[in-house]
Amino acid sequence: MTKTRNALLDEADGFVTARLAGHWFALPISAVHEVFLLSRITTVPQSPPGIIGVLNLRGRIVTALDTRQILGFPRASKAPTMAIGIERQGELFGLAVDEMGDVLTSVAADREPAPMNLDRRWREIVTGVQRSESHLVLIVAVDRLFDGVTSLAAA
Amino acid sequence: MDGIDELLAEFITDTQEALEQVDVRLVELEHEPEPASMLNELFRLMHTIKGTCGFLGLPRMAGLAHHAETLMDRLRNGEPVTNDAIDAMLHVVDRLKYLLGAIESSGGTEPEGNDESIILALQQAGSDASAEVLHGPDDAQPEVAVEEEAAADAPAPAAPEPAAAPAPAPKAEAKPAPKPAPKPAPKPAAKADKPEEKASGGESESSSIRVSVETLEHLMTVVSELVLTRNELTEIMRNEERTSHKLALQRLSTVTGELQQAVMSTRMQPIGNAWRKLPRIVRDVAANLGKTIELEMNGAQTELDRQVLESIKDPLMHMVRNAADHGLEIPSERLAAGKPEKGHIKLNAYHEGGQILVEIGDDGRGLNVDRIKAKAVERGIATQEDADRMTNEQIFSFIFEPGFSTAAQVTSVSGRGVGMDVVQSNVERIGGSIDVRSVQGQGSVFTLKIPLTLAILRALIVGVDGEDFAIPQTSVDELLKVEPGGAHSIQLIKDSPVLRSRDRLLPIVDLRTVLQLPTATDENGMPRTADESTEGFVMVIRARGLRFGMLVDSVLRTEEIVVKPLPHALRNIEHFSGSTILGDGRVIMIVDPNGVRSASATPSEASMSAAAQEEEDAIAAEDKQLLLMFRAATQNRKALPISLITRLEDVCLADADQSEGQWHIQYNNELIPLVWFGGPPDPDSKERKPLLVMSDDGKSMGLLVDEIVDIVDDVVDVQIPSEQPGILGSAIIGGAHAEVIDVGYFLGLASNHWFDPHQRVKVDETVKILLVDDSPFFRNLVAPVVRAAGFEPVVCSSGAQALDKLQAGLHPKVIVTDVDMPEMDGFEFAAAARKIDRLKSVPLVALTGMLTDDAIAKAREGGFSDYISKLDRNGLIDSLREFTKPDAQREKAA
């Protein structure tokens, strides 16, 4: 594993990984604003699906997104506690996840394209699959994920 | 005058700025190897200055700018950039600055003098072959000594302009060598100008600077965050004992407050800025329409947030234009009305209760309540019934409906029905409101209530269903505690919660229901409504002319909140106008009263609650009944017991089916027959009309009317019988005359599938029925029923008249007569009729108001075949059918 790692490290991309409904997802570090605790969420009556609510992150209003719902997973047994903060068009969003994982450093060579038979909704979001020791990590294109959010909200 | 000053001040600031740029660019130009874009910019700057000066009537400045522009044009078209040229330009800049200063100190007039020397230099610059070429086809000497002055400026030396000016002859242009001035004049000249400039124009430079709006916005955001952090800290420290921290916090708090104030003040602008264009608009409108109008503006210095100012600029303009156009009459009308010929529009701005109030008043004709009402009904915004119940204030609020215009004529200025709705939405978008007061013939006053700033507002923090919400305090008129047995309690009228407050019935909107909070429904998923047992608080809210109560569980406190825009994904929720962060760090939603109002109240609901109110009253007075008042065919009010009406619908005749003279309309998945008063309606009419759906014996029919007027609770006492079909008679209802409708008549029409009793009924004319009744009311009640049943009624108003007809050869199949008649009563008539031989077998039916055993016995004795109550329409029809059937058979047999 380490043989090419050092040489390629400069070209390697960092990913923030998180577990959601038994799957591991990875988002490019460059896209992640910060990771924070989901607490004191205010639910917004009449809000579109996919939105858990809003919260205050050091004076900024963050829209907490129900990532499970957006990706078509069943509702979790307990409320999510962690979120990945992503800034988009001047607004801060929090993608709720079940658990945060380590930062993954990956080189393009280690990645494989998303399998053909993946659910269409996922195939639009997942750009590649990274093999890890114990599990597969799905690399997520943040922009496309948000397209999913808007289409869900518009529906 | 004020307006001009503002304009001038703006011009001076703008031009000073532009000249600074020209200055800098000119200097840069000297070292610029690729001057094209720079020359373009210079050209543009001079062009702008020229334009504005021309507009403001400043010929000297305009002239200078013009020649400078010409030079720039020549240079950018390829002429070499020479030192001369740059110098000449710099002199122009200096001269323009001087003139600008003089204009500012004189209040708008240019000083005397001329600038021919400078102009000459401009004209000659670049054309002088001997001049040093800075950039040109061959850029040999980029570092030309600047000391080598372009001498052309010599004739314009020091300050006393007028004296120096005449020096260059008009022929100057012709001079081949423009270097006649040996003295190094320009420098001193420029210097000499300087002090003057400082003295006059310098003032504005030092006292204010221009900062980009973006910077201010950012500052505001940061301060808002600071305020929030301070609030949060205060919240945390509330339970803290250590005084040392408290002191520091106190200081922080004060400083933060001051900072907030200071930053806010940078955003403040006098409202006069938004008024600047108004005199011109008024002048134009006046000239256009041949009016004379005086515009008075008070409180122009009242300051408000620039963002707010921007938002109300257009609405203000629109309203002033409206006042000038629709509000004020033409001079002849004014004189006729005993008013001065000159119309008056008054603007007034002032602070009140943390808000800015802007009034736009005129002394014109005022709003025409009737016309607005009629228009509202015509446009289907309100039913006549609703409109008649409304206060003038509510009726005026219709002018804010989209596309609503009562202007009889569309003028070039206004009256196209666009505007007031836009005005309202603009004002509401910034959390303001608009009200109108008007007295017909005396004028109107529009009052804008606008927040001082958009960023911070005072709000009530309320709790519903365990959630907190903020409600802008400016929209809350009153706060009432409701509890069973308390001073105020909620009452239910047909499932609609209402509250009595100051003799007015307030519809209650339960925030829980509007927002569909978890407790809006009970465990079975059924909607839960507030009722008598509800405890909580009702905020009396006025939104768009409608007062309603917003029910919440608790009112926690008032707080100054910093408004945060909602995330995009949540902006479509009309109930909220924004969000805010509370002192404890939680985010809560700011409820938008206008959004709640439009989300919860539909016109039909409004009328429902009106009807419900009447119904409630009816319970109190049981001998009364609820009557729906409406108009149809005529202007008379018509009344119909509400108990007979199944539903009120609003239909468009174009949706009706018409076949064989029979009209049907779709209602509840079935086609029901339509009936109406008077002549048949226009089948192609797109107009929507109220339809009273009535059901009887499982059959429904719809009575088409023109408008619903009211719902009245009264005792029906028919006093004057009516001549008209379908109308029982007249009664005093609700203190005024009204016609009571004969539902049976219409039911008869519909159930027999006849439409217009006078035209389309297939009446068997051989089956004549003689009707004798002295009362026109009952004659008209019975005759149509008879006709509706397919018989030909022959109507007589007295026994004598009937006998005449019979003797003249009339052979009715049945004779129906009233028994109580003057002169010849029913019995006498019957006896007389029986004497006519050929009529011996004709059945005689007695009609009477009293149906007693006695009377029946008497009738039998008198030779009557049947005896029927006047009001028993069906009995009569049955009886007639009975008598005509065997009769007809007998005739056939014969």
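**Entry 1: a loop in chain A**

In which loop of chain A is Arg40(A) found? I traced Arg40(A) to the loop between β3 (32–37) and β4 (51–57) of chain A. My element names follow DSSP runs numbered from the N terminus, with helices (H or I) of at least four residues and strands (E) of at least two. Arg40(A) has a positive phi of about 50° although it is not a glycine. I noted it because most residues other than glycine have a negative phi. With 13 C-beta neighbours inside 10 Å, Arg40(A) counts as partly exposed. For my burial terms, a residue is buried if 20 or more other C-beta atoms lie within 10 Å of its own, exposed if 12 or fewer, and partly exposed in between, with C-beta atoms placed from the backbone.

Before going on, a reminder to myself: this is a predicted model, where local features need pLDDT of at least 70, side-chain atom pairs count only at pLDDT 80 or more, and totals for chains, interfaces and linings use all residues. Residues are numbered from 1 along each chain as its sequence is written, while chains are lettered from A and ligands numbered from 1 in the order in which they are written.

I then looked up Ala21(A), which also is not a glycine and has a positive phi of about 50°. Ala21(A) sits in the loop between β1 (13–20) and β2 (23–28) of chain A. I found 15 C-beta neighbours inside 10 Å, so Ala21(A) counts as partly exposed.

**Entry 2: the sheet of chain A**

I followed 6 strands of chain A through an open sheet in the order β8-β1-β2-β11-β10-β9, with mixed pairing. Two strands pair here if DSSP finds at least two bridges between them. The edges are β8 (99–106) and β9 (111–113) of chain A; each has a single partner strand, so one side of each is left without a neighbour in the sheet. Neighbouring strands are turned by 35° against each other on average, direction ignored. Inside this sheet I picked out β10 (residues 126–131) and β11 (residues 136–140) of chain A, which run antiparallel and are joined by 5 bridges. Val126(A) has Val140(A) as its bridge partner in β11(A).

**Entry 3: β20 of chain B**

Is β20(B) enclosed or open? I found that 5 of its 5 residues are buried, so β20(B) is largely enclosed by the rest of the structure. On one pairing, 2 bridges join it to β11 (residues 467–472) of chain B, and these strands run parallel; there Phe469(B) stands opposite Met589(B). On another, β19(B) and β20(B) run antiparallel with 5 bridges, and Gly578(B) stands opposite Ile590(B). Their hairpin has 5 residues between the strands, and Gly585(B) takes a positive phi near 95° in it.

**Entry 4: where the chains meet**

I looked up the interface next: 20 residues of chain B are in contact with 16 residues of chain A (contact: C-beta atoms, placed from the backbone, within 7 Å). On chain B, α9 (213–237), β19 (576–581) and β20 (587–591) are the elements that give two or more residues to this side.

**Entry 5: confidence**

The predictor gives the complex an ipTM of 0.84 and a pTM of 0.46. Chain B averages a pLDDT of 74, and 76% of the residues score at least 70 (pLDDT: the predictor's confidence in each residue, from 0 to 100). I marked residues 129–205 of chain B, where pLDDT stays under 50. Where pLDDT is low, the predicted coordinates should not be read in detail.

Methods
Contact = placed C-beta atoms within 7 Å. Axes fitted to C-alpha atoms, helices over the stretch in contact; angles between N-to-C directions.
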